[in-house]
Structures are given as structure tokens and as C-alpha cells.
Amino acid sequence: MAAKASSPAVEVEVGDREVRISNPDRVYFPARGETKLDLVNYYLSVGDGIVNALRERPCMLHRFPKGVGGGDKVHQKRIPQGAPPWVDTVRLTFPRWNRTADELCVTELAQVIWAVQMSTVEFHPWNSRRADVEKPDEWRIDLDPGPDCPWERVQRVAHVAHEVLDELGAVGWPKTSGGSGMHVYVRIKPEWGFKDVRRGALAFAREVERRMPDDVTTTWWRKDRDPADLFVDYNQNARDHTIAAAYSVRGNAIGTVSAPIRWDEVDDVEPDDFTIATMPARYAELGDLHAGIDDAVFEIDQLVEWAERDEREGAAEPPEPETD
């Protein structure tokens, strides 16, 4: 599927829906001049992949009404006004503020394209689904380099994380972050709450740190970390913490993409290899590299046991990060 530009708006057919795209020629990515319509066509080109990444998950939208080069970014939990009736949502509660929010809950590609029409560039889903939003079904390993951490260190740590996952019998699905780091997702049974999934994620991070003490940190406070270290960010498993989905574009001038990769590609890729200009051809060749994630479900009981062992041995459990 693809759309052709005409001013001032275009109608894009997505399945059996029609989505009207206003301001299709507005430049969103200044480095190469890609437009809002180019962004639409990118998401159409990776349609099955982005829907697979977002399916039935509450999703925060990062909107850039004037493109990534002009004006402020809007972090939007509540679905923008004017949504057509076929756009699905899920209601979330935020007890700290005694509030609720109806967030986008993607079930089909047309909803993604509608969100792009509403100036969304980045999609940041929860790691739980609407059937039970309080029980995550996705454990997220965020390899988050400090400002002085070289990409080669990210690659080395990814291999060690893969080694630990193999020992656990867990299948990890790697992707670039679209920034300077890397993510690995593991599908899990939705049997534990956010607190325990985060505890297990911290225990895993500590195991990686034990194997790479000169490269990896799990130190809670940023100010206490060596800027050359890589932080294995277990906090991305806390309630209402989100990271860019697989195939999500990132809000920068070159339109990088959080791109699924194979484990045998880890040593060869660079963060800027994957953009809205390069990903359509890659996707056409390889398809969705995360397509099998729902068929490789891991039980995190052993991770929770690791957490309990660490706590018995005196490891402090960091405070829960604040949520909005």
C-alpha cells in the first residue's frame, strides 16, 4: 500500500478504512526532507510489524505537530480528540493522581495511520495488554549506554545478555533502540504484576553486571554511574514506563527506527543504519523479525527466585520510579 501526495490533503486506503491525511507535504524530518506523507508510507510498509508490536497494548503517543525540527514534542496518554469510532482504546487508572486515561489500543493498521495523521511519530506501548493491563506479558531488557559509553560496549553486553537468556531457556528478541542503545524483549506469561517483573528484571541485570563488572552498572542514581558504563535499565518494566516499539520511528532529524535485528547481526549494525529511508526495503526482504515472539513464552519464576536470593544476601531493592 502507498499513497501519493496532493494538496491540501490525501485519502489513504488502509484495509477497508480510509484515513484522511492533512498537510501531507509538511516536512517532518529535515535531514533528507521526508514529509508527513513519507511517514505514513513508512508505517504502511512495515504494517504487520508495527501492529504486531502494538497489538492490544495501551500506547502513549509522542506527537510532533510541526515535525521533529520545529516546535515541541507532545507526550500524549489520552487519545487525541476527534478519533473515529473504529479507533480502539483501553482505560487506564493512575492512582497516584486519582485519574484515568483512555489510551490508544491498536488492533489494526488503520489506527496506526490515524495516529500519524494526528502527528504521531513515536509509539510507546505498555508491556501489558488490555485483557489484564496489570499483568505484563513482555519483559524488556533495555541496554542504555551512558554518554561516554561506546557502541562496541553495547554490542558486547548484548551478547552476554543473550548468553544469560540462553542459560535460562528464554528466547530474546533484539532490536536497536533507534537511539544509542539496544533493547531485547522476552515474551512472558502474564502471571506476575509489574513489581515482580521489575524485581526479576533487576536480578537479571545484576547477573549481567557480575559477568561484566567493568562495563555494566545497575546503580540506581544516574549521578552515581560512570558515564562510560552501560546501565541495564530494569525500570522499563515498571508500571506506566514505556519505550519505543519495534518499528517505531524516533523523533530525530534522520528518522531512525527502532529496528528488529537477528542475533547474528549484533556485531555488524550501527544505530543509524535503520531509518524510514532504509527500513522499507529491509522489511520487504526479511519481513517481521519479531513475528514469532508470541510463540516463545518464558516463565519468570527463576528470575523471581534470583531476586529473592539477592535480597536475602542483602541487595537493596531500589525504590519504584514515579509514574505520571
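**Burial, helices and a sheet**

Tutor: Ile 276 is buried, with a relative accessible area of 6%. This is a predicted model.

Student: In which loop does Ile 276 lie, and is the residue buried or exposed?

Tutor: A residue counts as buried under 20% relative accessible area. Ile 276 has 6%, so it is buried. Its loop runs between strand 14 (230–232) and helix 6 (279–286).

Student: Which residues does Ile 276 touch, not counting residues up to four places away in sequence?

Tutor: Ile 276 and Ser 45 are 231 residues apart in sequence, but their C-alpha atoms are 9.7 Å apart in space. With residues up to four places away in sequence left out, Ile 276 touches Phe 29, Arg 32, Glu 34, Tyr 42, Val 249, Gly 255 and Val 257.

Student: Which residues of helix 1 are buried?

Tutor: Helix 1 spans residues 36–45 and is mostly covered, with 8 of its 10 residues buried. The buried residues are Lys 36, Leu 37, Leu 39, Val 40, Asn 41, Tyr 42, Tyr 43 and Leu 44.

Student: Why does Asn 235 count as buried, and which side chain does a polar contact of 3.0 Å join to that of Asn 235?

Tutor: Asn 235 is found in the loop between strand 14 and helix 6. Its relative accessibility is 8%, and therefore it counts as buried. Beyond four places in sequence, Asn 235 touches Arg 198, Trp 220, His 241 and Pro 321. The polar contact of 3.0 Å joins its side chain to that of Arg 198.

Student: In what order do the 5 strands of the open sheet lie, and which are the edge strands?

Tutor: The order is 11-12-10-14-13, with mixed pairing. Each edge strand pairs on one side only, and these are strand 11 (173–176) and strand 13 (216–217).

Student: At about what angle to strand 10 does helix 4 run?

Tutor: Helix 4 (residues 151–168) lies across strand 10, strand 12, strand 13 and strand 14. Relative to strand 10, the angle is about 155°.

Conventions:
Residues are numbered from 1 along each chain as its sequence is written. This is a predicted model: local features need pLDDT of at least 70, side-chain atom pairs count only at pLDDT 80 or more; totals for chains, interfaces and linings use all residues. Side-chain values use heavy atoms; hydrogens and water are left out. Helices (H or I, at least four residues) and strands (E, at least two) are DSSP runs, numbered from the N terminus. Buried means under 20% relative accessible area, exposed over 50%, partly exposed in between (1.4 Å probe, protein chains only). Contact means heavy atoms within 4.5 Å. A polar contact is a pair of N or O atoms within 3.5 Å; within protein, one must be able to donate a hydrogen and the other to accept it, and residues adjacent in sequence count only if both atoms are side-chain atoms. Two strands pair if DSSP finds at least two bridges between them. Axes are lines fitted to C-alpha atoms, for helices over the stretch in contact, and angles run from 0 to 180 degrees between N-to-C directions.
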